[in-house]
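Subject: Two-chain model for you to look over

Dear colleague,

I am handing over the structure we spoke about, and I would be grateful if you could look through it with the notes below at hand.

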Amino acid sequence: MKPKLVTSFALVGSLVVVCGPLSAHHGNIAYDEEHLITIMGTVTEMAWSNPHCQIYFDVKDDKGKVVNWAVESQSPGILKRNGWTKSSIKPGDQIAITLAPAKNGSPVGFSGGNKGKIVFPDGRVLRMNER
Amino acid sequence: MRNRLVSFMVALAAVLAFAPAALAQAGQQQATAKASAAPAPKRDLSGVWQYQGSGGAESLVPEKDMPPMTPWAKARFDQERPGYGSRAIPGGNDPILQCDPIGFPRVMFMPTPIEFVQAPGRVLQFFEREHEWRPIWTDGRSLPEDADPAWFGHAIGHWEGDYTLVVESAGFNDKTWLSPAGYPHTEDMRVTERYQRADHDTILYNISVVDPKAYTKPIVGPQKTFKLRPHAEIEEFPCVLSEENSFTQRIREPAAAKPTK
């Protein structure tokens, strides 16, 4: 347990940062690509598979309830060209993901656009914009 | 009260700590686009090429520039429920969701790269998308008469000068969509492409589609660009139904479900 850092992550677990608007790169109607948000949480699973790798992570809402978010990123090939490996993100990692949330309010999002990214507490950044 | 304020301040500090990364994002996708000083090789398109698009799935022509459809095409179009374009709905019935081949020409406008390999009598295109490939025969043969309908059609090519490969394709099945927006085509579709190597790192690409049973006029796409990616390699990207179904179940369906509140 790294108290200070983890505490600050927990405190902002439900905090949403609006980064938009931006153009709809992916064009998938299910997501609100005009209003990106950044959410912090703890990784539970990284699914390295086609058609798009998926990142699952636990986020605490403002009542302390944990919600597991599912995030669509990019194909393994695209992630590889962005410098990722299958172990770039591991269960237990604390991350902040910038994503386009599902319009229906489900805890699902798309981070594979040109502005999607993952930021670690040490400042390391993973992007998905190099196709 | 004081505690809440402290919480807020800590939260704000954490957010600000993450903010600088958000500011340095622009323009990275086309970092490979600087022209090389090397001259373009003659009659040679070998290499890994990247369609210069938005980064998502695209169409050969914007929807607003699609020509009028025949009644057959309109009826088919009305049945399709695409995930992209002006009629986009979450979910939908895009054939690629069940691993039907994406087909040609739709495969050309994906964000994944294409490797061109030249062998005697043919140019081979290897698409990362679906781990598919397409031969373009340059040995002087004609397009097959009464061709078997194929997902990627049958293609022949010839060089105009040293830098332009002209490709004619026919013999398609009618199961693929022309674009992610759900436009159909018939088995009579014929496609003409021009790959003009404008410089070492650039292909200017023109494509037109003639399919009189589906469209009252030819579909003429605006000129598009491919850039050479000397350091990129084609990665594995087969469509695997179990993976596709898992993705649909875990991502597509929850993202597309009707709001519960």
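Predicted model: local features only at pLDDT ≥ 70, side-chain atom pairs only at ≥ 80, totals over all residues.

Chain A has 2 helices and 8 strands, arranged along the sequence as α-β-β-β-β-α-β-β-β-β. Of its 131 residues, 50% are buried, and among the contacts in chain A with a separation of 6 or more, 54% are between residues 24 or more positions apart.

Strands β1(B) and β2(B) are antiparallel and share 3 bridges, with Val48(B) placed opposite Glu115(B) of β2(B). Glu115(B) also has a bridge partner in β3(B), namely Phe126(B), and β2(B) and β3(B) are joined in the antiparallel sense by 6 bridges. These two strands form a hairpin with 2 residues between them, and in its turn Gly121(B) has a positive phi of about 80 degrees.

The next pairing, between β3(B) and β4(B), is likewise described by 6 bridges and an antiparallel course, and here Arg122(B) stands opposite Trp137(B). This is again a hairpin, with 4 residues between the strands, and Glu130(B) in the turn has a positive phi of about 70 degrees. His131(B), in the loop between β3 and β4 of chain B, has a positive phi of about 55 degrees although it is not a glycine; with 15 other C-beta atoms within 10 Å, His131(B) is partly exposed. Strand β4(B) then pairs with β5(B) in the parallel sense over 2 bridges, and Trp137(B) has Ile156(B) as its bridge partner in β5(B).

In β4(B) the covered face carries Glu132(B), Arg134(B) and Ile136(B), whereas Trp133(B), Pro135(B) and Trp137(B) belong to the uncovered one.

Which residues touch the most other members of the largest nonpolar core? They are Leu45(B), Trp49(B), Leu60(B), Val107(B) and Ile203(B), in a core of 44 residues. Strands β1, β2, β3, β5, β6, β7, β8 and β10 of chain B each supply at least two residues of this core, and the largest share, 4 residues, comes from β8(B). A second, separate core of 33 residues includes Leu36(A), Met46(A), Trp69(A) and Trp84(A). Returning to Leu45(B), its contacts, leaving aside neighbours within four places in sequence, are with Phe116(B), Gln118(B), Val123(B), Leu165(B), Tyr195(B), Arg197(B) and Ile203(B).

Helix α3(B), residues 241-256, brings the two chains together in this account. A straight helix of 16 residues would span 22 Å, but α3(B) spans only 19 Å between its end C-alpha atoms, and α3(B) bends by about 45 degrees at Thr248(B). Its buried residues are Phe247(B), Ile251(B), Arg252(B), Ala255(B) and Ala256(B), and the buried residues of α3(B) pack against β3, β4 and β6 of chain A.

Finally, some backbone details deserve a check. Most residues other than glycine have a negative phi, and most peptide bonds are trans. A cis peptide bond, with omega about 0 degrees, joins Asn50(A) to Pro51(A), and Pro51(A) lies in the loop between β2 and β3 of chain A. The bond from Phe104(B) to Pro105(B) is also cis, with omega near 10 degrees, and Pro105(B) lies in the loop between α2 and β2 of chain B. That loop between α2 and β2 of chain B also holds Cys99(B), which has a positive phi of about 70 degrees although it is not a glycine; Cys99(B) counts as partly exposed, with 17 C-beta neighbours inside 10 Å.

With best regards

Conventions:
Residues numbered from 1 in each chain as written. Chains lettered and ligands numbered in written order. Buried ≥ 20, exposed ≤ 12 C-beta atoms within 10 Å, placed from the backbone. Pairing = 2+ DSSP bridges. Core = buried A, V, L, I, M, F, W, Y, C linked by C-beta atoms within 7 Å. Contact = placed C-beta atoms within 7 Å. Expected span 1.5 Å × (residues − 1). Bend = angle between axes of the 7 residues up to and from the residue.
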